[in-house]
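Here are my notes for your first look at this model. Keep the structure open beside you and check each point in turn.

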Amino acid sequence: MKQTILARRYAKALFAVGKENDNYEAYNEALQGVAGLYFSHRGVVDALTNPLYPLDVREKVMVGLVNSIGVDKIMGNFLNLLVQKKRAEILPEIAEAFQILVDTEKNISHGTVISAVGLSDELQASIRAALEKLTGKKVELSTSVDPSLIGGIIAKVGDLVLDGSIRTQLAGLKDSIKGRE
Amino acid sequence: MREVKRVARGTVLVAAALWFALSCGTVMATPESAGTEGANASHVTAAADAAKGAADSSHEMKHEEHAAGEHGEAHHDSLSPPKVKDFGLRVMNFIALMIILIKFGAKPIAAALSSRRNKIKTEIEDLEARKAEAEKSYKEFEAKLASVEKDIDTIVEKAVAQATIEKARIIEKAEQAAADIQRQAEMAVQREVMEARRKLKNEIADQAAAMAEELIIKNLTAADQVKIVEDYLVKVEAVQ
């Protein structure tokens, strides 16, 4: 179960400290790195969150982790605090919320473009430019291919969705034929 | 019980009267009264005893003829003093008996007769009253019968009128029901037609979209893909 509100609260606190120290980008990198470990190494999650292990053991694991990634004292205390407060399991959500805060701070939006065929760099740049123009923010795009679109693209940035796929146009055509007397 | 007593008393009185009459007759006819008294007595007996009947009369007539033949002289001694005395005693006896009878028998007989008369009168009155009542009932029933026929006619007329109204109502209802059914059938037909049309249109749309998709996939080139994206971006920028 996602603890979005709680994670956002922790992220905001850490972001406030990082912004004060002008170190929030480093905190973001550290959080994303630890969150990445949660997905790549399930043993790390178990060692940090399993209540069967004594709390001091879990704290030692986190201390070791902090030492290995070499973060500053504030970040280290933050990660240890998560273990002490038994909130280590929501660390990925905190990282996600922190990323949003950083992107907002840097005026960056993350978007996805789904196309029927692979897009060239020029085309991706054109799409990014169009999306930046639409949103007024810097857009970082991730692309994927879905042949069922037949042709065209579907671009999503935040709440904005641009659907220029042939599949959607055919569906619209079908609906217009069905709906017309 | 009282009636029986009265009847018995009357019977006794009648029997006594008969007995007296017969005894008188017997006295008159007794031969021992005088030598030729038998002939005279037979005259008295024939005159006095009317109760003897016709047979006795004829017998006495013969006896008289026979006595006249044998004792022609006896006719002159028929009212001899002993006979008159005996007759007087008998009459007195009869009178006494009649007095006794009247004294003791008149009232019961009169009462019995009166009672009988009253009873018969009462019965006649009762019967007449019942007759009158029966006649009255007969007339009433006759009148009722006449009125019943009239009532039957009225009821039949009412029933016919009601049946006519009911018939009209049923027909109207049936016509309304028929109209409703027809309207519902028409609506059902329209619905079916619309549903069929919709299904057909959907099928045509699906087929058209499938054919278009097939054609596009068949004829779509890489350059077309790029052009589609570029055209779309131009369209998006134009909208903005």
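1. Start with one pair of residues in chain A. Ile154(A) has Asp163(A), in E4(A), as its bridge partner. This is a predicted model, so treat every value below as computed.

2. Now look at the turn. E3(A) and E4(A) form a hairpin, with two residues between the strands. Find Gly158(A) there: its phi is positive, near 60 degrees.

3. Step back to the whole sheet. Strands of a sheet pair through backbone hydrogen bonds, and they may run parallel or antiparallel. Here four strands make an open sheet in chain A, in the order E2-E1-E3-E4. The pairing is mixed. Which strands sit at the edges? They are E2 (138–145) and E4 (160–163) of chain A, and each of them pairs on one side only. On average, neighbouring strands of this sheet are turned by 15 degrees against each other, ignoring direction.

4. Next, a link inside chain A. Lys106(A) and Glu25(A) form a salt bridge through their side chains, with 3.3 Å from N to O. Why does this pair deserve a note? Lys106(A) is in helix H6 (residues 91–106) and Glu25(A) is in helix H2 (residues 24–40), both of chain A, so the pair ties together parts that are 81 residues apart in sequence. Over all chains, the count of salt bridges is 11.

5. Turn to the place where the chains meet. Chain B gives 21 residues to the contact and chain A gives 23. How much area is buried between chain B and chain A? The figure is about 2,000 Å², and carbon and sulfur atoms give 74% of it.

6. Check the charged and polar links across this contact. Two salt bridges are counted between chain B and chain A. One of them joins Asp206(B) to Lys178(A), whose closest N and O atoms are 3.4 Å apart. There are also three residue pairs in polar contact between the chains.

7. Finish with the side of chain B that touches chain A. Helix H4 (81–219) and helix H5 (222–239) of chain B are the elements that give two or more residues to it. H4(B) gives the most, with 10 residues. By type, the residues of this side are 13 nonpolar, three polar and five charged.

How values were computed
Residues are numbered from 1 along each chain as its sequence is written. Chains are lettered from A and ligands numbered from 1 in the order in which they are written. This is a predicted model: local features need pLDDT of at least 70, side-chain atom pairs count only at pLDDT 80 or more; totals for chains, interfaces and linings use all residues. Side-chain values use heavy atoms; hydrogens and water are left out. Two strands pair if DSSP finds at least two bridges between them. Axes are lines fitted to C-alpha atoms, for helices over the stretch in contact, and angles run from 0 to 180 degrees between N-to-C directions. Contact means heavy atoms within 4.5 Å. Buried area is the accessible area (1.4 Å probe) that two parts lose on being put together, summed over both. A salt bridge is a side-chain nitrogen of Lys or Arg within 4 Å of a carboxyl oxygen of Asp or Glu. A polar contact is a pair of N or O atoms within 3.5 Å; within protein, one must be able to donate a hydrogen and the other to accept it, and residues adjacent in sequence count only if both atoms are side-chain atoms. Ala, Val, Leu, Ile, Met, Phe, Trp, Tyr, Cys and Pro count as nonpolar, Asp, Glu, Lys and Arg as charged, and the others, Gly among them, as polar.
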